[in-house]
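Subject: Structure handover

Hello,

Here is the structure for your files. Please have it open while you read the notes below it.

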Amino acid sequence: MKTVEEIKAAIEAGVPGAGVEFVSNPSPSAQHSLRLAPATALAVATFLRDDAELAFDFLSNVSGVDWPEKEISEKVKVTRTVTKTVDGSDGQKVEQPVEETVEETRKHTQPGCLEAVYHLYSVAKKHGPLVIRMRTANRTDHTDLPSLTPIWRAAEFQEREVFDLYGIIFTGHPDLRRLLMWEGFKDYPMRRDYVEPDDFEYEPTAHDEVLKRAQEHKSSEQPAEGSRDQGMTTG
Amino acid sequence: MSVAESKTEKVAGWNRPPVIEPDGEGELLEVAMGPHHPSTHGVFRMDVALDGERVIRLKPVFGYLHRNHEKIAEGAAYLASMPYTDRLDYFCSLTNNWAYALAVEKLTGQEVPERAEYIRVILAELTRVQNHAASIGFLIQEMGASGTPLMYAFREREKILDLFESLTGSRMMCNYMRFGGCRVDVSAPWLDATRKVVAGLPQFVDEFEALLSTNEILMARCQGVGVLRPELAVNAGVSGPMLRASGVNYDIRKVDHYGIYDRFQFRVPLGDHGDIYDRYMVRVLEMRESIKILEQALRDLPAGPIMDAKAKIRGFRPKPGEAYGRIEAPKGELGFYLISDGGPNPYRYRVRPPSLINLTVLEDMSLGQNVADVVLIFGSVDIVLGEVDR
């Protein structure tokens, strides 16, 4: 198989303006990947599948990855000029600019995003894997990516699963519904900041914290019309 | 599959399920097959729209057994997920262990000693034999032959599970493989017992085939039913015996050369028509090939350590990076995708479940068929719900 760099060059020759980025993988597996720009992803994916030499006709795996916002603090050595009072040659105090190196901690936030990772193989040429990935603009309101289901049908259920568990909206997917969670479920359970639902319902002997939450919950919840309890009391 | 053929096919929607029109007489009947239908192998539902006996629409519904295995694994150390992989496809816990161990070994660059590789092959092929036997047994059971073939399969499966139990301590939840090797060494009495069981397997397959392969009912119900085109099978990510029954020569043991499969002589059985009968036949032939591998592996098993001496048990923290490792599990391509951030837990842990992805084409195979055949088509996919829903 061609190396990932060669594939990148082939894509750039085949799809002008593809905007493919090489992502290095430092682990011993050395499975480097290519990051596609969402705008050109469909064209690049079609090229990868239909190019006679690459022929990545088998999409093996689709997975979502959540990268929440991260505050990175790094120590940087900064050289700055400070004015210092030094003893002059004639015994008088003279102010003189002196260069000084200081270590400074700088903080910056890395913006969060959701990522979809695809592992491609070729059944015709028996090579692979090629890892391609796409990133959403953010994790809140722009979580859409182009769906690759029209190109590889294998993505149909897997993209539904990523939509279900991560909340990436795949535009162009023929049937984008939740796959594993039930209809009407609100949150995305695989996100890193997902909070598990309250456990008071499952606690047989509620006490302390859990009991307090259960009581709060009971008082806030209106009894449903025609619920079983009502039926029991009215006979 | 010729390249030219698949090129001409690629008009828009070529890989979508066909649209079947009702004949206009009578009403459509919508049936929820499952989640407690005995033919669904667990808790799985197919929402089917029927025009008489004909299937017009079919939508699979998943998630009844969902426990978010991937999320749980992100909160546990690498090794702590190993026993949990047993619960994915609970028929084939040892191949699940292997796939996970292989992915972690790719992530860390660990080497597996030769003896451990041989033991892995022996256990994986035993798993394949018992899985295929049981899946054929269930398929025939769904065809209406209550019990007999399934009991024949289970008799043999029981012998193999006894071997697993005496080696790993558990019949189904084996939790046997470790990163860089295996948990315990095999003993001489265990090897003798295994040789005995393997020596009896060809006779079992002969008996099974004499009972089934030319059975008139089986042929009538299976031949030409549930046909899957090779181009669609590849495009839909179908793997394992189902892909090979459609005539696509793709066996990960041959393609990826993982483990030590290069050292063994075995062939890859292929189907011609891609129907249920071919899937049945490919599984029977794969059992025969597995027995061949078993005989060679049991003959050549070398002495030596079973764990990588440099394997780190405590404080296991792979360097940042990612790896995708896959093996040819009995049901298809089982892969694990791991991302490490340098911590003791995986940052991302993803299972590529062959059962779920093979179901992508269930609708395509079933549309236009009789509702009774849907049960067989579904049975020929060979799924386990523990893996579909994870």
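Predicted model: local features only at pLDDT ≥ 70, side-chain atom pairs only at ≥ 80, totals over all residues.

Residues are numbered from 1 along each chain as its sequence is written, and chains are lettered from A and ligands numbered from 1 in the order in which they are written.

H6(B) has 21 residues and spans 30 Å from first C-alpha to last, close to the 30 Å expected (1.5 Å times one less than the number of residues). After H6(B) comes B:Gly169, with a positive phi near 95°.

The buried residues of H6(B) include B:Leu150, B:Ala153, B:Ile160 and B:Phe164. (Buried means 20 or more other C-beta atoms within 10 Å of the residue's own, exposed means 12 or fewer, and partly exposed is in between; C-beta atoms are placed from the backbone.) The buried residues of H6(B) line one face of the helix, because they fall within an arc of 140° seen down its axis (the arc is that of the directions from the helix axis to the C-beta atoms). On the other side of H6(B), B:Thr148, B:Met151, B:Arg155 and B:Glu158 are exposed.

The buried residues of H6(B) pack against helices H5 (114-142) and H7 (188-212) of chain B. H6(B) and H7(B) pack at about 165°, with axes 10 Å apart (axes are lines fitted to C-alpha atoms, for helices over the stretch in contact, and angles run from 0 to 180 degrees between N-to-C directions). That makes H6(B) roughly antiparallel to H7(B), a term for angles over 145 degrees.

B:Val205 lies in H7(B) and is partly exposed, with 19 other C-beta atoms within 10 Å. Leaving aside residues up to four places away in sequence, B:Val205 touches B:Val284, B:Met287 and B:Arg288 (contact means C-beta atoms, placed from the backbone, within 7 Å).

The contact between the chains takes 31 residues from chain A and 40 from chain B. On the side of chain A, S3(A) gives the most, with 6 residues.

Regards

Notes:
Helix = DSSP H or I, 4+ residues; strand = E, 2+ residues; numbered from the N terminus. Contact = placed C-beta atoms within 7 Å. Parallel < 35°, antiparallel > 145°, perpendicular 65-115°, else oblique.
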